[in-house]
Amino acid sequence: MMRLLWMILLVGFLLPATLHAQPSLEQFFTQNCVKCHGPEKQKGEVRLDKPVAALFADEELLETIATVLEAGEMPPEDAPQPKAKAVAEVVRMLQKHILTQRPVNPLKRLTRAEYTNTMHDLFGMDFDFAGLLPLDHVEQGFDKFGEAHLMSPHQVMAYLKTARFIAERVLPDAKPKTRTWEFDVRHFHGSKNFATGGGGDYRDGDDYVLTGFRPYRSNLHFSIDPESHDQFVVPAFGLYRLEVKARSEKSKEGEVIGINLGDGRHPTSFRNIRRIPMPHGSKGFTTKLTLKAGDQLAFTFDSARVPGRSLVKKEHKGPAMRFSRLKVTGPLTEQWPTAAMEAILPKPNMKPLELVDHIALLLTQRPLEAEARQVFVEIARHQKESGGSMAATARSVLIALLTSPHFIYKAESPELADVERSHRLSYFLWNSAPDIELLNAAKSGALSKDPSAQVERMLKDAKSNRFIDDFTRQWLQRDKVDDFGPDVRVFKNVRRMTVESMGREGRELFRHMLENGLSMENFIDSDFVMVNDRLARFYELPAVEGDTFLPVKIPDKSERGGLVAQAGFLKLTSTDFATSPIHRGSWILKNLYNERIEPPADVLINEPDIRGTTTIREAILKHQQLESCSRCHSKIDPMGFALEYYDPVGRKRSEYRHVEELPVEREGTTFTKKLKFTKVPIDAAMKLPNGREVRDLPTLKAALMADKERILKGIIGKLISYAHGREVTRADRPHVDAIFESIAQQDFSLRAAIHAIVAHPAFGRK
Amino acid sequence: MVDCNQVVRGGIIKRRTFFKGAGVTLLLPCMESLGQVSEADSPRRLLTIVNHLSFYQPDLIPQADGTFGKTPPLLDELSDHFNYLKIFSGLDNPAVQNGFGHSPCVGILSGYFNKLHRKNRLSIDQAVADLIGDSTRFKSLVFQAGENLNFSQISWDKHGLPVKQIDSPSKIFNLLFQVNESEKTQQQVLAEDRSILDAVLAQAKSMEKRLNATDRAKMEEYLTSVREVEQTVKRRAYWADRVKPQVNYELEDFDRKSVDDYVGTLLDLAVLALETDSTRAVTVQIPFWEGFKERDLSGNYHDLSHHGQKPEKIEKLLRLEHRILKRINTTLNSMKQRTVGNSSLFDQTTTLLTASMGSANSHNFDDLPALVFDSRMKTAGHWQKKDVPMSNLYLGLLQLFGAELDRFGESTGAFEVLS
């Protein structure tokens, strides 16, 4: 070891000035780190007794070292501390090296959402590729990262099948015949009674009545033949109009009907496709849906109360939904030939080469490489020669091109060409391909000079809802809000639609801030919340009417406002009936601070022996005593514990309700699961590593506000990584800092942040 | 050709009575079709079963090394087959890192996991399928329950790319036994598929020239995938005109994913796929995650697996694990009852049962158990290991299947599985 050090010192002496710093790096590590991260001990599986060049080769390790030194997390409190100046110098050297590493942005392919939206915008059809295209892998929170886009034979096969599915539907051989079907109570079927009491569906005069919401059990389906239970099956792909006559009763508010696809008798295949709000007094609705051949429809009463599991059958007293008539018309063809057919085949007769060039350009606004055209032309020629119609020829070419890298991958040059830049922007703000106006702006050079006009136009377009929805879904994990429970035995009054509304709140806050140019500080704390009728009641705020989210000023006594006070966040970080301070704390670090935290590689989550602990706090503090965990948990735990005054569905509580499950009682074929509740006081106060005490939601929000700069930069980082399709690391600091500085004058407005991200030179680089 | 099908025994047998009967009633197809193993033949097969959430090992692994003496309660569920069972304990996957939640589970069959790169290495089931899968309709079939999550992929092809894991019993059933409406169109579609694959391959190559090194590697993945799909399409074209096997097996509808419903159905389908010689290598990943529940147990499987050493949680967890092993036992028994060619399905099949973690309570990826059932087993019993690569077992298995290899993944030697 000494010999090595001498060698390096010697080499350092001989090398030019830039490398002079390195031996002092080694010295620093030897003096301060190697005792625990060297030959004797390798805490966290980290060794720092390596030559600097070897350390520099490990980018991730380098980032970790810089981060822990900068935050004062290492060396640990009880070890001798290096001088602050020395630490600062080491961090500066590390950062300098990190900045020289140009982040790679590997080739990206279209995500399922991008693919679906692109097809919609090109051909005007609402495709649902759920059963066709595999789900995308999510890396560091987003599915847009090229790093994570692994190709496989299965994926290629899926592209091929999807392409055929699309081609056969956008280029049909004949105009589909529109038909109409009418159904009334004679054709309606439901799930009759639940196995246990608390509700049921039944026929009543001219109506069929739904009383409960269980997507798998309670639903209304219908058959053409009143005598048969064979469900109505959609005969052909296309757009269908549904006219439903239905009304709620025993309800003072708006209710919600769900339209599901799937076999109502064997409900495993159910998937929700649409929810229709039924304002108070509504007598029904008309809607249009794109359906596939073989699809089956069923209606559910989504805003019904979840029936309890009592064994005693009780008469239903709550709200009910009465269905009286249903009319289905379709497939609708508003114009023939369809817009898609005209787009793909603008002329009745096109030569193979002309056709290939046209479709290639239509799909990606980029021409095919000259040498690749011929193979596609061959496909067209072959189809034509074997007597295929123009439509059949175009179908073959379309399938081939939709399966090819030309369409699947997003081509990006090191310095983005104009069309590529318009693609990056439109897949950022529309999650889809650019339109003509954006393309023209790109081609004229206006986009690279000053993108603000296009960004404004795009944000005003309804297509920006896709960005708002997709970004907040992944950033805030809104789709996971309802992954657990709520256990109806513990949370008796939480209705399904309230939970559904919780999942929408984060998106609506983002939308409101974006539309009104509000400061991103509102993510940390705000004097208003976005609520609809259900959420306003749940938060005990002044009443709001209807399902649409509106800003409501928070009364003084309420602690709501900001992302960490949202019920959706509080619920998604909890299990069926217990809160999880660790999930809550690490969620804040990951999603607000944009920190990368993972359990260290050498730590088994050491079979935590939590017998004999009564509260979550005791259980967790026990594991926090393990040295290996404490580095991250000294930050995670205080933040999580401060939120203990909020229960697993996000309601304020003053004590724990400890839930214990009693042994299952069996009675014939029925099993009863009983619970025992005990009350335990809450102790939420804890100190953050910087010494600041947090003890409840308001003090936590104050602590987060004190960290405003770090959090806003964290959120900017999230936006950049979504826009660029790669992880934002320490190497991006100057980029993030520049965005942060440039919007300081505009009160850190979210809208300004998006403008600044697009205007930054890095947006035009791969 | 369809006419020569004969209904051996009419009527539909409910699934619950399926295994009680004296074996399956096949609608036997005729020459040149599936499900036709010549009477003199006895092909080798592999059934791989992986339990994602592992087993409670104190109740599975015998205390003593060597031939079975006193056996723990979980293992007792499999006592019908003790003469053919070798159980290995304390195995390790040195190239699978700890940490990162469930993600390293992707490496159970390949012995490799790298969190930075999603590509993996060849898994044992696919390595064997490459050896024995040429003459059947499917080279291999991989079943799993539940949606494909980041950590549920366990089967990897020779390029380290994920193999499709089918998650729906009805999809599996249709794939195996449903006849395509029109074989002629089918052939036309497959012919068109081939020319399309040629075209996209050419385009990918011309696009590749303009890419940097990282992106070229990405495009290589695409090219490799297309070439593999070409093979699959060829295979499909070959089998498209041949009669599919038919079975009197009715899929039961269930809205609750329990051991009997989900695991049972997947194992039934695995046996049917092997019995009809649709494939010779089947991999089944046992259900996991939140959706897996039993009606007389509160809590879900994943939650129970994090038992925190609480006795009441362990007790519930064990009830689930007992049920799973009981169901595997039933499957092995039914394989003994079915004759294909000149021997029973059990005689032809090597069954590997293993787990993605040592313990789901602590999320460790070492201390792995592996159970091998083989009718040719010479010495049955428990082989206690410590920090020996799982790949040594995999290499031993590969050699059993005739591979002339002296290395697989991280192997440091080969187990003599049978002796």
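**Briefing: confidence, cores and local elements of a predicted model**

Chain A has a mean pLDDT of 86, and 86% of its residues reach 70 or more; pLDDT is the predictor's confidence in each residue, from 0 to 100. The model is predicted, so local features need pLDDT of at least 70 and side-chain atom pairs count only at pLDDT 80 or more, while totals for chains, interfaces and linings use all residues. Residues are numbered from 1 along each chain as its sequence is written, and chains are lettered from A and ligands numbered from 1 in the order in which they are written.

**Chain A overall**
- Chain A holds 27 helices and 21 strands, taken as DSSP runs numbered from the N terminus (helices: H or I, at least four residues; strands: E, at least two).
- Of the 766 residues in chain A, 42% are buried, that is, with 20 or more other C-beta atoms within 10 Å of their own C-beta, placed from the backbone.
- Contacts require C-beta atoms, placed from the backbone, within 7 Å; among those in chain A between residues at least 6 apart in sequence, 69% join residues at least 24 apart.

- Where pLDDT is low, the predicted coordinates should not be read in detail.

**Nonpolar cores**
- A nonpolar core is a set of buried Ala, Val, Leu, Ile, Met, Phe, Trp, Tyr and Cys residues joined through C-beta atoms within 7 Å.
- The largest has 90 residues, of which Ala270(B), Ala370(B) and Leu397(B) touch the most other members.
- Helix α7 (residues 259-275) of chain B gives the most to this core, with eleven residues.
- Beyond four places in sequence, Leu397(B) is in contact with Ile124(B), Val128(B), Thr350(B), Leu352(B) and Val417(B).
- Another core lies apart from it and has 82 residues, including Trp475(A), Val481(A), Ile588(A) and Ile711(A).

**Strand β11 of chain A**
- All five of the five residues of β11(A) (residues 297-301) are buried, so the strand is largely enclosed by the rest of the structure.
- Leu297(A), Phe299(A) and Phe301(A) point one way, Ala298(A) and Thr300(A) the other.
- β11(A) pairs with strand β8 (residues 255-261) of chain A in the antiparallel sense over five bridges; pairing needs at least two bridges found by DSSP.
- Ile257(A) stands opposite Phe301(A).

**Helix α4 of chain A**
- The twelve residues of α4(A) (residues 59-70) should span 16 Å at 1.5 Å a residue, which agrees with end C-alpha atoms 16 Å apart; the expected span is 1.5 Å times one less than the number of residues.
- Gly72(A), with a positive phi near 70 degrees, follows α4(A).

Conventions. A residue is buried if 20 or more other C-beta atoms lie within 10 Å of its own, exposed if 12 or fewer, and partly exposed in between; C-beta atoms are placed from the backbone. Two residues are in contact if their C-beta atoms, placed from the backbone, lie within 7 Å.
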